[in-house]
Amino acid sequence: MTYQTPSAIMLGAYALLIASGLLAWALGIGKHLAPMGRAKFFLALASIIVLINLNESSFLWAGRAFATGWLSLLMPSYLLGLTLSGVLMSMIAQARSRDICGSRKRTFVLFVPFGVFYMLFKAGAAQKAAEQNPKLAQGSSVLVVMGLLIWGVGKGLGNSLVTAELRPLEGGETLQFDAMWVKKLGVEHYFRHVAMNLADSLPADTEPGVLLVRILASEDRLTYHYVVYNSELTADYFDGDILDDWICPLDSFGPALHAGGSVESLFVDPEERPVFQHVTRASDCTAA
């Protein structure tokens, strides 16, 4: 099973967006649209940004869809949404290009880095007309305000992008482990997924003098590898029961333990000499 990182997924999504936009340009989809001035273009672009972010937010349901068997429909609909967004961007870029230079030849500019600024700020025929007609200028100002409001909505929705219900920790955020992932992935793949997604948050201080340096997945075992920098913390300091209390609950690793997995907590000193080791299994979980 291959797991994609969030950055890889986003890169692929933008590639599809650009490809569909350029293909729509080549096929002439939208070539009959009237020339579009800067204000109308900004409003239209902001609306498409909202559409893109709404489409990306569908990933919030990816985990549930995966567990219930609907992922096969969710992913095509997501890709279709990206394709549609690319086509819409191409259409407004063509209309904007016609306002700027009288033809569609500069449509591609929207799809190159920083090209959007050229599309937004380059004066065209509509701008020249607005300079001669105050009423047109006022209308353009209204469109810009509306675009800013819509852009703000799209920006907020963008923060909801999640590639899966299992994702990297950020700061002190708590990662919830759902039984459906254990059921669908199996313990081995589930542990590999957990280790991969938590890797970006390491190393991490767990308490003064103790640093979590890596998390390893091997078959049916997940190992938390700690380095103890405080020489006063000996084996007597660590308590397996406390570790069990953290690992056993159903919103932690309980489902994986009951499916035959185990979680090892390995503490070593800076020279890699063992300080304390504890393995938590389902038999150690009295309340989970």
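Since the model is predicted, local features need pLDDT of at least 70 and side-chain atom pairs count only at pLDDT 80 or more, while totals for chains, interfaces and linings use all residues. Residues are numbered from 1 along each chain as its sequence is written, and side-chain values use heavy atoms, with hydrogens and water left out.

Let me start with the chain as a whole. It has eleven helices and five strands, where helices (H or I, at least four residues) and strands (E, at least two) are DSSP runs numbered from the N terminus. Of its 288 residues, 40% count as buried; buried here means under 20% relative accessible area, exposed means over 50%, and partly exposed lies in between, with a 1.4 Å probe and protein chains only. If we take contacts, meaning heavy atoms within 4.5 Å, between residues at least 6 apart in sequence, 64% of them join residues at least 24 apart.

Now to the cores, a nonpolar core being a set of buried Ala, Val, Leu, Ile, Met, Phe, Trp, Tyr and Cys residues joined through side-chain atoms within 4.5 Å. The largest one has 26 residues, and those touching the most other members are F191, I215, L222, Y224, F253 and F267. At least two residues of this core come from each of α9 (187-198), β2 (210-218), β3, α10 (240-247), α11 (254-258) and β4, with α9 giving the largest share, six residues. Leaving out residues up to four places away in sequence, F191 touches a list of residues that includes A217, R221, L222, F253, A256 and V263. Apart from this core lies another, of 18 residues, with F41, A95, M119 and L120 among them.

Which residues, then, form salt bridges? A search of the whole structure finds three, a salt bridge being a side-chain nitrogen of Lys or Arg within 4 Å of a carboxyl oxygen of Asp or Glu. As background, side chains of opposite charge can pair when their charged atoms come close.

One of the bridges joins R96 and D99, whose closest N and O atoms are 2.6 Å apart. Both residues lie in helix α4 (residues 71-101), three residues apart, or about one turn of the helix, and both are buried.

Another is formed by the side chains of E264 and R221, at 4.0 Å from N to O. E264 belongs to strand β4 (residues 262-268) and R221 to strand β3 (residues 221-228), so this pair ties together parts that are 43 residues apart in sequence. E264 counts as buried because its relative accessibility is 9%, whereas R221, with a relative accessible area of 24%, is partly exposed.

There is also a bridge between R273 and D269, with the closest N and O atoms 2.7 Å apart; D269 counts as buried, at 14% relative accessibility.

I will finish with H278, which is found in strand β5 (residues 274-280). Is H278 buried or exposed? At 17% relative accessibility, H278 counts as buried. Its side chain makes a polar contact of 2.9 Å with that of D244, a polar contact being a pair of N or O atoms within 3.5 Å, of which, within protein, one must be able to donate a hydrogen and the other to accept it, and residues adjacent in sequence count only if both atoms are side-chain atoms. The side chain of H278 also reaches the backbone oxygen of G240, at 3.5 Å. Not counting residues up to four places away in sequence, H278 touches G240, L243, D244, V263, E264 and S265, and E264 brings us back to the bridge with R221.
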